[in-house]
Amino acid sequence: MANIVKKVKDELTLNNVLSMAIKTPGVKINRAKFLRKELKKYCSESVIKEAIDSNPAKAGISKDIVNKLSMQVIKYETSKVTGVSIAASIPGGVAAVGAAAADITTYFAFILRVAQELAYLYGFEQFDLNEDDVDSETMNHILLFVGVMFGVQGASSVLKKFADVYAKHISKKLAQKALTKGVVYPIVKKIATKIGIHMTKQVYADAVASFIPVAGGALSGGLTYAMFKPGCMKLRKNLMSYNLCDPDFYKEDNEDIIDAEFEIEPEI
């Protein structure tokens with residue numbers, strides 16, 4: 001089993017996993033279609049259109065509705081990723097490498113899915129997840145969401161700064177420019193390190209599961225569930241606190257200019 005774990009770890013680098021995850025069918029969420037589908041039970045067509053053109057909060061959609069929808073999204077994606085994880089872990093030892101690779105790639109595909117869905121509900125713009133060529137700015141941006149999910153120190157502070165930019169309708173170029181600042185790259189590096197630790201744990205779980213068919217599948221699926229849902233809830237809690245998703249914020253005069261240097265306060 002040790003050899004299998006080493007083989008999978010060597011083959012599944014962060015770049016490889018994210019590249020494969022982005023190419024997974026269904027991982028890219030169309031913001032307009034997603035918001036229309038989620039909001040149609042609660043809002044008129046005119047409100048939905050404004051939510052798509054700007055964001056749900058600016059369209060006057062209450063935080064209660066958005067919070068309710070976000071919980072539904074988390075429950076749905078958690079049930080899907082857990083079920084897929086169990087299924088991927090059922091093959092025996094001969095298929096261990098393939099099972100682990102499929103499980104980890106699928107896991108991060110669902111991470112990317114839920115990050116996009118929560119981002120769109122809470123006011124962020126469309127991610128440009130072109131499966132053939134995801135630019136570094138887009139990848140760094142979405143990694144900030146992943147970093148918040150994994151509890152990486154500093155990730156939530158940076159993400160909040162971007163949320164403030166979007167909320168105040170200051171040029172999107174300012175947010176993109178901030179991605180080149182030295183404060184962002186160390187955090188992205190920390191995120192990558194923490195993801196690597198998580199991948200190692202999941203590789204071990206899948207290797208064990210592959211040698212204990214069915215019962216092992218439940219073990220791997222259980223670990224996936226235990227890691228996935230708390231991360232989603234952590235991201236949701238952060239997004240709920242931003243002005244970007246607060247309808248009352250848009251009723252006030254909020255034209256102040258944000259510090260272009262994006263000075264990040266340290267997290268405790």
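Visitor: Why is Asp-248 called partly exposed?

Guide: Its relative accessible area is 43%, and partly exposed covers what lies between buried (under 20%) and exposed (over 50%), computed with a 1.4 Å probe and protein chains only. So Asp-248, at 43%, lands in the middle class. By the way, this is a predicted model, where local features need pLDDT of at least 70 and side-chain atom pairs count only at pLDDT 80 or more, while totals for chains, interfaces and linings use all residues. Residues are numbered from 1 along each chain as its sequence is written, and side-chain values use heavy atoms, with hydrogens and water left out.

Visitor: What makes Lys-251 count as exposed?

Guide: Lys-251 has 68% relative accessibility, so it clears the cut-off for exposed.

Visitor: How do you know that Asp-248 and Lys-251 meet in a salt bridge?

Guide: The term needs a side-chain nitrogen of Lys or Arg within 4 Å of a carboxyl oxygen of Asp or Glu. Here the N to O distance is 3.4 Å, so the pair qualifies. Side chains of opposite charge can pair when their charged atoms come close.

Visitor: How many salt bridges does the structure hold?

Guide: Seven. Another one joins Asp-164 and Lys-160, at 3.4 Å from N to O.

Visitor: Why are Asp-164 and Lys-160 separated by about one helical turn?

Guide: Because they sit four residues apart in helix H8 (residues 155-167). A helix here is a DSSP run of H or I with at least four residues, numbered from the N terminus.

Visitor: Is Asp-164 buried or exposed?

Guide: Buried: its relative accessible area is 14%, so it falls below the limit. Lys-160, at 37%, counts as partly exposed.

Visitor: Which side chain does Glu-77 meet in a salt bridge?

Guide: That of Arg-113, at 2.8 Å from N to O. This pair links distant parts of the chain, with Glu-77 in helix H5 (residues 63-88) and Arg-113 in helix H6 (residues 96-121), 36 residues apart. Both Glu-77 and Arg-113 are buried, and together with Glu-117 they form a network of salt bridges.

Visitor: What residues, by class, make up the lining of the largest cavity?

Guide: Eight nonpolar, two polar and no charged ones. Among the lining residues are Asn-55, Ile-61, Tyr-122 and Gly-123. Tyr counts as nonpolar and Gly as polar. The space inside is about 30 Å³. A cavity is a set of points on a 1 Å grid over the protein atoms alone where a 1.4 Å probe fits but cannot get out, and lining residues have an atom within 4 Å of a point.

Definitions and conventions:
Helices (H or I, at least four residues) and strands (E, at least two) are DSSP runs, numbered from the N terminus. On a 1 Å grid over the protein atoms alone, a cavity is a set of points where a 1.4 Å probe fits but cannot get out, and a pocket is an open set with protein on both sides within 12 Å along at least five of seven lines; lining residues have an atom within 4 Å of a point. Grid points are joined across faces, edges and corners, and a volume is the space filled by probe spheres set on the points.
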